[in-house]
Amino acid sequence: MNAHYRLKTLSTLFTLIAILALGLSGCGAGRQAYARGARAEVSKDYDTALAEFKVAMDRNPGDAEYRLKYEQARFNAALDHFEKGRRALEKNDYETARNEFTRTLEIDPGHVFAEQQLALVNDAISKVSRREPEPDITYEQLRDSTRTDPSVQAQLTPKIAGPFDIHMT
């Protein structure tokens, strides 16, 4: 009976060690992915950082630090793609801008500005494909349309002709 008790405690001990080893090996893989993500984030490779933090978060879903770093990397990656798309749009590189804004929306589907910019890019691409010329606005026209009269009387003149309501809550 004493031998049976020793065998039972020995098997329980080995089971605990095996479970602990499996648990720690998962933590090690999560830590390695987290470290790779942190290195990628420092080098401003936000897509790689996003993927690595996702791996770390998937391996340790209860770790708040992994989730926080994943969300930060997601924000940074979406912002990076949005900025690249905006720069491409300024250079009239519509295909690159479309790809960047689409990638931004894949990373962050709620990115409203990326949706707006993507609509502008798609509109511009359709105009180019239909060969519609863009309206030429000269600097003088733009300046005159935005100019205000600096005199005091002009500043005091109401700009709204009809009635308006103000609701304060």
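Biologist: Does Gly-85 count as buried or exposed?
Modeller: The model is predicted: local features need pLDDT of at least 70, side-chain atom pairs count only at pLDDT 80 or more, and totals for chains, interfaces and linings use all residues. Residues are numbered from 1 along each chain as its sequence is written, and side-chain values use heavy atoms, without hydrogens or water. Buried means under 20% relative accessible area, exposed over 50%, and partly exposed in between, with a 1.4 Å probe and protein chains only. Gly-85 has 0% relative accessibility, so Gly-85 counts as buried.

Biologist: Which residues is Gly-85 in contact with, leaving aside neighbours within four places in sequence?
Modeller: Gly-85 sits in helix α3. Contact means heavy atoms within 4.5 Å. Beyond its sequence neighbours within four places, Gly-85 is in contact with Ala-97, Glu-100 and Phe-101.

Biologist: How far apart in space are Gly-85 and Asn-99?
Modeller: In sequence, 14 residues separate Gly-85 and Asn-99. In space, C-alpha to C-alpha, the two are apart by 7.6 Å.

Biologist: How many helices does the protein chain have?
Modeller: Helices (H or I, at least four residues) and strands (E, at least two) are DSSP runs, numbered from the N terminus. Along the sequence the pattern reads α-α-α-α-α-α-α. The strand count is 0, and the number of helices is 7.

Biologist: At what angle do α3 and α4 pack?
Modeller: Helix α3 covers residues 64-90 and helix α4 covers residues 94-107. Axes are lines fitted to C-alpha atoms, for helices over the stretch in contact, and angles run from 0 to 180 degrees between N-to-C directions. The axes of α3 and α4 are 8 Å apart, and the angle is about 160°.

Biologist: How are α3 and α4 oriented to each other, parallel or antiparallel?
Modeller: Angles under 35 degrees count as roughly parallel, over 145 as roughly antiparallel, 65 to 115 as roughly perpendicular and the rest as oblique. The angle here is about 160°. Therefore α3 and α4 are roughly antiparallel.

Biologist: How many nonpolar residues does the contact of α3 with α4 have?
Modeller: The α3 side includes Ala-77, His-81 and Gly-85, and the α4 side includes Ala-97, Glu-100 and Phe-101. Ala, Val, Leu, Ile, Met, Phe, Trp, Tyr, Cys and Pro count as nonpolar, Asp, Glu, Lys and Arg as charged, and the others, Gly among them, as polar. This contact has 4 polar and 5 charged residues, and its nonpolar count is 9.

Biologist: How are α4 and α5 oriented, parallel or antiparallel?
Modeller: Helix α5 spans residues 112-130. The axes of α4 and α5 are 9 Å apart, at an angle of about 150°. That makes the two helices roughly antiparallel.

Biologist: How many nonpolar residues does the contact of α4 with α5 have?
Modeller: Among the residues that make it are Phe-101 and Leu-105 of α4 and Leu-118 and Val-121 of α5. By class, 4 are polar and 3 are charged, while the nonpolar count is 10.

Biologist: What value is phi of Lys-44 near?
Modeller: Lys-44 lies in the loop between α1 (2-42) and α2 (46-59). At 58% relative accessibility, Lys-44 counts as exposed. Most residues other than glycine have a negative phi. Lys-44 is not glycine, yet its phi is positive, near 65°.

Biologist: In which loop is Asn-92?
Modeller: Asn-92 also has a positive phi, near 60°. Its place is the loop between α3 and α4.
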